[in-house]
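Hi everyone, thanks for making time. Could you bring the structure up on the screen before I start?

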Amino acid sequence: MATIKAHTLSGFMELLPAPQTQMERLMEVLRSSYGVYGFTPLDTPIIEASDVLLAKGGGETEKQIYRFSKGDSDLSLRFDLTVPLAKYVALHYADLAFPFRRFQIGKVYRGERAQRGRFREFYQADIDVIGDGELDITNDAEIPAIIYTVFSRLGLSRFQIRINNRRILNGFYAMLGLSDKSGDIMRTVDKIEKIGPDLVRAILVDDYAIEGEKADEILAFIGIGGQVAYVGDVHDPVHIVAHIAQVLLQHILHDVAAEVADVGKVIHRGAAGIHFHMARCVGGEFGFLMGGGVVKIHNIHPFRVFV
């Protein structure tokens, strides 16, 4: 009889007792913190019908999904917790009270090349607020408080909460007369932490023919922090929009800013709605640890309109 060498598949999680205990403690902090803010636990199957998971769209998702057949069934392992949530709400719509606030902590699977910081099997710890219609903006404003609570309870004292909103970004670029180049600008400035502001400015000026003065305005704008200290021409609409963005950040983060390092950067990804991205402060080794935001899904067959 052949001897089989014990091994774990590359990119899949298997911890020794000590780190597994640490993982369990971390999850308990997440569960208790989410519960304080009124989120209820939810669990959904790891295996779903492939047509359900791919209802969001194919493309890159279809390439990464673990898909297999069992008898006549076309099945897949879930690749995130959002699509199963969408199915759950559509299926139980009549039995749920809205806004529906849920958290879910569970493993997800993606068939991509395993590398440092990127796994094929990993945990997601999601919170979502599902509205039947429009949700009040206070649901957005609550997210930084939840992030602050979670990381404070985990013993992290220096971290950043970064906020962006496409409406503010598009309005700012429109006032600079750069609406037609907004996509190129967002993609370029998104690289600022990797290549630095000088190279970002050079790309904006040389590759996209943006005037140097406007490139400087863009760099100043995306560097706005949580304290209202923006100095500019109060009669210039560009400076007014920048100042409004800064004031909004201060009010959103008023209750959590006291002990957080460099709170409230306006970052530059072109996401619809308000998005929050959390990172350790400069010098930390972890990079971005938490992210999310407002997502609106309309008429995604076979689901109803929600989120």
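So, which residue takes a positive phi just after α5? That's Gly155, with a phi of about 90°. Quick note: this is a predicted model, where local features need pLDDT of at least 70 and side-chain atom pairs count only at pLDDT 80 or more, while totals for chains, interfaces and linings use all residues. Numbering runs from 1 along each chain as its sequence is written, and side-chain values use heavy atoms, with hydrogens and water left out.

Back to α5, which covers residues 138-153. Helices here are DSSP runs of H or I, at least four residues, and strands are runs of E, at least two, numbered from the N terminus. The α5 helix has 16 residues and reaches 23 Å from first C-alpha to last, close to the expected 22 Å; that expectation is 1.5 Å times one less than the number of residues. Among the buried residues of α5 are Asn139, Pro144, Tyr148 and Phe151, buried being under 20% relative accessible area with a 1.4 Å probe, protein chains only.

Now the largest nonpolar core: it has 17 residues. A core means buried Ala, Val, Leu, Ile, Met, Phe, Trp, Tyr and Cys residues joined through side-chain atoms within 4.5 Å. Two or more residues each come from α6, α7, α9 and α10, and α10 gives the most, with 5. Take Ile218: leaving aside neighbours within four places in sequence, Ile218 is in contact (heavy atoms within 4.5 Å) with Phe172, Tyr173, Leu176, Leu178, Ile185, Val189 and Leu204. Apart from that core lies another, of 15 residues, including Met23 and Phe159.

Zooming out, the chain has 11 helices and 9 strands.

How values were computed:
Buried < 20%, exposed > 50% of the residue type's maximum accessible area, 1.4 Å probe, protein only.
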